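Trainee: I am new to this structure and would like to go through it step by step. Could we settle the terms as we need them, and then look at the pieces one after another?

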Amino acid sequence: RHHEWKSPVAIAAIYSHPFEQIVSNLSPMVIGGYLFQSHVALVTLFLVIGILNTLVAHCGYDLKFTDSKGHNLHHAKSDVNFGFLGLFDWIHKTRASDKYKNI
């Protein structure tokens, strides 16, 4: 449901099924804190930073200090820019620059 938004807005960041939200969005951020027995304040800070980063990535603006432009392309095309850092997109040739030469 999240990718129904072709031009992302911040509310689209959390527009997903509750199961998807828990399994693929929240669990990865909490599991690290649990495995390394981090203080609850540190885990909370990590969650807040992660949620803010997600909201900024979906703001719809091309901000220089983020990958919001790449994420906007991910929503517009739906077959590019899946990864956070781009490593797996480079390996699997799913970068927007690999699939669409005029971007």
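Mentor: Before we place any residue, note that helices, of at least four residues, and strands, of at least two, are DSSP runs numbered from the N terminus. With that in hand, we can say that Q37 is found in the loop between α1 and α2. Please keep in mind throughout that this is a predicted model.

Trainee: How many helices and how many strands does the protein chain have?

Mentor: Reading from the N terminus on, the elements run α-α-α-α-α. The secondary structure of the protein chain therefore comes, by the DSSP runs, to five helices and zero strands.

Trainee: What percentage of the residues of the protein chain count as buried?

Mentor: The accessible surface of the protein chain comes to about 7,600 Å², and 69% of that surface belongs to carbon and sulfur atoms. For single residues, buried means under 20% relative accessible area. Of the 103 residues of the protein chain, the part that counts as buried is 23%.

Trainee: Is Q37 buried or exposed?

Mentor: Q37, which sits in the loop between α1 and α2, is a residue other than glycine with a positive phi, near 50°. A residue is called exposed when its relative accessible area is over 50%. Because Q37 has a relative accessibility of 71%, Q37 counts as exposed.

Trainee: What does helix α2 reach from its first C-alpha to its last?

Mentor: Helix α2 covers residues 40-57 and has 18 residues. At 1.5 Å a residue, the span expected for α2 is 26 Å, and the span in the model is close to that value. From its first C-alpha to its last, α2 reaches 26 Å.

Trainee: Within what arc do the buried residues of α2 fall, seen down its axis?

Mentor: The buried residues of α2 are V43, G50 and A57. Seen down the axis of α2, these buried residues line one face of the helix, because they fall within an arc of 55°.

Trainee: Is F46 exposed or partly exposed?

Mentor: F46 lies in helix α2, and its C-alpha atom is separated by 10.0 Å from that of G32, 14 residues apart along the chain. Because its relative accessible area is 48%, F46 is partly exposed.

Trainee: Which elements give two or more residues to the nonpolar patch?

Mentor: A nonpolar surface patch of about 690 Å² is made by F19, I22, V23, L26, V48, I51, L52 and L55. One of these residues, L52, is found in helix α2 and counts as partly exposed at 48% relative accessibility. The elements that give two or more residues to the nonpolar patch are α1 (18-35) and α2.

Trainee: Which residues does S16 touch, not counting residues up to four places away in sequence?

Mentor: S16 has its place in the segment before α1. At 14% relative accessibility, S16 counts as buried. Beyond those sequence neighbours, the residues that S16 touches are Q21 and N25.

Trainee: Which residues is T94 in contact with, leaving aside its neighbours within four places in sequence?

Mentor: T94 has its place in the loop between α4 (87-92) and α5 (96-99). Its relative accessible area is 14%, so T94 is buried. Leaving aside the neighbours within four places in sequence, T94 is in contact with D79, V80, N81, F82, F88 and D89.

Terms used: Residues numbered from 1 in each chain as written. Predicted model: local features only at pLDDT ≥ 70, side-chain atom pairs only at ≥ 80, totals over all residues. Heavy atoms only, no water. Expected span 1.5 Å × (residues − 1). Buried < 20%, exposed > 50% of the residue type's maximum accessible area, 1.4 Å probe, protein only. Arc of directions from axis to C-beta. Patch = residues over 30% accessible without salt bridge, like charges linked within 9 Å, V, L, I, M, F, W, Y side chains within 5 Å. Areas by Shrake-Rupley, 256 points an atom, 1.4 Å probe, with all protein chains shown as cover. Salt bridge = Lys/Arg side-chain N within 4 Å of Asp/Glu carboxyl O. Contact = heavy atoms within 4.5 Å.
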